[in-house]
Amino acid sequence: MKSPLRTTASLATLTLALGALILVTPAYAGKPVGSDNGAETEQSGGADETGIHSAVRIEYSGSVAPNGGTGNVTSADVNWTPPPCWYAPYLGAKDFKKKMSAEIEEAASAPGMTGTPAAAIGQTKAHYEDEYGWTDTPGYKDYNVAKDGEGMFWAGVENPNEPDFLKRNSCTDLPFWVDDGEAPPPQYEEAITPEILAALAYQHMELPGTEVTLAPAQSTKVNLPTWAWLDKADFHEVQATAAINAPGFALTATTTAKPVSLRLEPGTPDAVTYPASGECTINDDGSIGEPYARGNADRTPPCGVKYLRSSGDGTFGLQATITWEIAWTGTGGAGGDLPDGTFENGQAVTVQEIQSVNR
């Protein structure tokens with residue numbers, strides 16, 4: 001029979017009862033496992049002021065936003081979102097006992113801790129000290145100290161870049177033990193995997209802010225085709241890697257973004273695009289469009305725009321949206337595809353009225 005600790009109502013009671021008890025909610029003191037790290041930064045284990053071993057963090061490298069920020073990729077699939085939270089290695093048995101037992105004792109001694117809250121605290125203590133368990137969730141004897149060094153307790157971690165508070169704080173199961181080399185119990189569907197790491201790398205990925213080359217460059221004329229292109233040298237695939245390393249446990253995933261097309265939006269309905277769809281596909285050599293060359297004035301550009309009226313004293317906002325195919329590979333040969341990503345650049349275009357143009 002399942003313990004009341006596993007029900008939504010009693011989990012809420014537990015949270016209220018334990019208050020500062022870090023292991024009841026994902027927002028642990030000291031952020032035991034996190035994703036708030038910037039590109040190329042190195043984190044390592046250590047000890048805090050309590051002497052407890054610092055928990056493992058997710059490390060990001062490659063083309064990622066600095067300081068753990070969200071990257072500039074927008075998913076083409078509006079229904080896809082990065083994981084709001086996950087379960088990951090937290091502490092070894094001895095360190096977990098030191099931390100958890102102190103928090104339980106502090107919560108139990110808080111004023112007014114009677115009735116249901118007190119019972120919830122007692123059940124939590126029994127779960128980790130006296131092997132009190134429930135369906136699919138065995139209890140532990142003395143915080144599993146006899147197995148110290150042979151595994152770790154795992155705990156919920158919130159994604160700090162998830163805007164929805166309820167989703168961000170939805171990994172609320174009590175910390176559980178995982179032996180070194182073993183997979184987490186199957187009921188913890190949000191346990192960290194290479195695929196979750198790949199999705200986090202996607203969330204932090206920073207794509208190059210490539211500006212489309214135009215000809216004419218500074219300003220164009222009404223009814224004059226403007227050529228647009230991207231050279232291969234400025235238009236190349238990028239990678240972002242997310243990795244987590246803990247004693248007896250290590251995972252990594254690399255997400256690769258490959259540019260595949262460019263979409264032009266003139267910024268006014270009084271214009272036509274080349275091709276008519278506005279979608280310029282990638283060439284065999286990895287470039288998009290074709291650079292303008294003398295003698296091509298009478299040709300239709302493979303990628304470009306023609307404005308049908310002047311921009312007057314202002315400009316038109318030409319939007320160039322690049323679509324990127326996203327794929328990932330990870331530990332153990334895992335891999336797959338993620339939704340296409342897009343990144344938009346805006347460029348101001350001046351369009352002048354003229355009766356005739358010599359080129």
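At 57% relative accessibility, Gly209 counts as exposed, where exposed means over 50% relative accessible area, buried means under 20%, and partly exposed lies in between (1.4 Å probe, protein chains only). Gly209 is placed in the loop between α5 (194–204) and β6 (213–215); helices here (H or I, at least four residues) and strands (E, at least two) are DSSP runs, numbered from the N terminus. Although Gly209 and Asn72 are 137 residues apart along the chain, their C-alpha atoms are separated by 9.2 Å. The model is predicted, so that local features need pLDDT of at least 70 and side-chain atom pairs count only at pLDDT 80 or more, while totals for chains, interfaces and linings use all residues. Residues are numbered from 1 along each chain as its sequence is written, and side-chain values use heavy atoms, with hydrogens and water left out.

The buried residues of α5 are Pro194, Ile196, Leu197, Ala198, Ala199, Leu200, Ala201, Tyr202, Gln203 and His204. In soluble globular proteins, nonpolar side chains tend to be buried together. The largest nonpolar core of the model has 77 residues, a nonpolar core being a set of buried Ala, Val, Leu, Ile, Met, Phe, Trp, Tyr and Cys residues joined through side-chain atoms within 4.5 Å. Inside this core, the residues with the most contacts are Ile58, Ile192 and Leu262. Strand β15 (residues 316–330) supplies the largest share of this core, namely seven residues.

Charged side chains were examined next. Side chains of opposite charge can pair when their charged atoms come close. Six salt bridges are present in the structure, a salt bridge being a side-chain nitrogen of Lys or Arg within 4 Å of a carboxyl oxygen of Asp or Glu. One of them joins Asp142 and Lys97, whose closest N and O atoms are 2.8 Å apart. This pair links distant parts of the chain, since Asp142 belongs to the loop between α3 (115–129) and β4 (151–158) and Lys97 to helix α2 (residues 93–108), 45 residues apart. Asp142 is partly exposed, with a relative accessible area of 32%, and Lys97 is likewise partly exposed, with a relative accessible area of 31%.

Another salt bridge is formed by the side chains of Arg168 and Glu158, at 3.7 Å from N to O. Here the distant parts of the chain that are linked are helix α4 (residues 165–168), which holds Arg168, and strand β4, which holds Glu158, the two residues being ten residues apart. Both Arg168 and Glu158 are buried. The side chains of Arg263 and Glu279 also meet in a salt bridge, with 3.3 Å from N to O. In this pair, Arg263 lies in strand β10 (residues 249–265) and Glu279 in strand β12, 16 residues apart, and distant parts of the chain are again linked. Arg263 counts as partly exposed at 35% relative accessibility, and Glu279 counts as partly exposed at 27%.

On the surface, Asp231, Asp234, Asp284 and Asp285 gather in a patch of negative charge. Such patches are made of residues with over 30% relative accessible area and no salt bridge, like charges being joined within 9 Å and nonpolar side chains (Val, Leu, Ile, Met, Phe, Trp, Tyr) within 5 Å.

The backbone was considered last. Most residues other than glycine have a negative phi, and most peptide bonds are trans. A cis peptide bond joins Ala215 and Pro216, with omega about 0 degrees, and Pro216 lies in the loop between β6 and β7 (219–221). A cis peptide bond also joins Tyr274 and Pro275, where omega is about -10 degrees; Pro275 is found in the loop between β11 (271–274) and β12. Asp142, described above for its salt bridge with Lys97, has a positive phi of about 50 degrees although it is not a glycine. Asn223, which is also a residue other than glycine, has a positive phi near 65 degrees. Asn223 is found in the loop between β7 and β8 (226–230), and Asn223 is partly exposed, with a relative accessible area of 48%.

How values were computed
Accessible areas come from the Shrake-Rupley method with a 1.4 Å probe; for residues, only the protein chains shown count as cover. Lys and Arg count as positive and Asp and Glu as negative; His and the chain ends are not counted. The place of a charge is taken as NZ of Lys, CZ of Arg, CG of Asp or CD of Glu.
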